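Subject: Handover of a structure

Dear colleague,

Please find below the structure that I am handing over to you.

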Amino acid sequence: WIHRACANAWAFGQSPMSTTPGWAVGWFFIPFANLVKPFRAMKEIWFGSDPSSAAITPGIVGAWWGTWIVSGILWRLSSKLDGSHLAVAAGSFTALAAVLAVLIMRRVAINQRRLAESRNPA
C-alpha cells in the first residue's frame, strides 16, 4: 500500500516529494533510518494526497508513528526482561498503531480518489 500511495502522490504532483515509492517501503528495513524515514515518507504521502492540508503534520500521522516506535521498544524490552506486562503493553500499542495506520490509509485513499476523479471526470 505504501508503495502505491507514494507512487500516486508523485503522479499527482500536489506537494514536493523527496521519497520515491521504493524507498517509502525500503526505509523500514534500514537500521536507524527506520526510526525516522518511514514517518517522513508517510508525511509526504499525506500532503501529496491532500492539496488542502496545512503545512503542519496531522496528529494522526504522528500518533501512528509514535505508537509504532513505542510498541517496538516495548516488544524488545519484554523479550529481554521476561516481562509479560510489557508484552501486554506492547501488544496494545501494536494494535493501536494498526488502527491508526488503517485510518491513515482510508483517508489517503479517499483523498487520492478525489484527486483522480477531479483530473479525469467521467
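Is Phe32 buried or exposed? Phe32 is exposed, because its relative accessible area is 72%; here exposed means over 50% relative accessible area, buried under 20%, and partly exposed in between, with a 1.4 Å probe and protein chains only. The residue is located in the loop between helix 2 and helix 3. Its phi is positive, at about 70°, although Phe32 is not a glycine. As a general point, most residues other than glycine have a negative phi.

The model is predicted, so local features need pLDDT of at least 70 and side-chain atom pairs count only at pLDDT 80 or more, while totals for chains, interfaces and linings use all residues. Residues are numbered from 1 along each chain as its sequence is written, and side-chain values use heavy atoms, with hydrogens and water left out.

Confidence

The pLDDT, which is the predictor's confidence in each residue on a scale from 0 to 100, averages 91 over the protein chain. A score of at least 70 is reached by 97% of the residues. Where pLDDT is low, the predicted coordinates should not be read in detail.

Overall architecture

The protein chain contains five helices and zero strands, and its elements follow the order α-α-α-α-α from the N terminus. Helices (H or I, at least four residues) and strands (E, at least two) are DSSP runs, numbered from the N terminus. The C-alpha trace spans about 55 × 25 × 25 Å along its principal axes. Of the 122 residues in the protein chain, 34% are buried.

Contact means heavy atoms within 4.5 Å. Among contacts between residues at least 6 apart in sequence, 53% join residues at least 24 apart. The accessible surface of the protein chain is about 7,400 Å², and 67% of that belongs to carbon and sulfur atoms; the areas come from the Shrake-Rupley method with a 1.4 Å probe, and for residues only the protein chains shown count as cover.

The nonpolar core

A nonpolar core is a set of buried Ala, Val, Leu, Ile, Met, Phe, Trp, Tyr and Cys residues joined through side-chain atoms within 4.5 Å. The largest such core has 19 residues, and those with the most contacts inside it are Met42, Ile45, Trp46, Val61, Trp64, Ile104 and Val108. At least two residues of this core come from each of helix 1 (2–12), helix 3 (37–49), helix 4 (59–81) and helix 5 (84–119). Helix 3 supplies the largest share, six residues.

Which residues does Trp64 contact, leaving aside its neighbours within four places in sequence? They are Phe28, Met42, Ala97, Leu100, Ala101 and Ile104. Leu100, one of these partners, lies in helix 5 and counts as buried because its relative accessibility is 13%. Beyond residues up to four places away in sequence, Leu100 touches Ile60, Ala63, Trp64 and Thr67. Leu100 and Leu35 are 65 residues apart in sequence, and their C-alpha atoms are 18 Å apart in space.

Other individual residues

Asn111 is also placed in helix 5. Asn111 is buried, since its relative accessible area is 8%, and apart from neighbours within four places in sequence it is in contact with Ser49 and Asp50.

In helix 4, Ser71 is buried because its relative accessibility is 2%. Leaving aside neighbours within four places in sequence, Ser71 contacts Ala90, Phe93 and Thr94. Gly72 is likewise found in helix 4 and counts as buried at 17% relative accessibility. Gly72 and Asp50 are 22 residues apart in sequence and 29 Å apart in space, C-alpha to C-alpha.

Where does Ser18 lie? Ser18 is in the loop between helix 1 and helix 2, and it counts as exposed because its relative accessibility is 60%. Not counting residues up to four places away in sequence, Ser18 touches Trp10 and Glu44.

Yours sincerely
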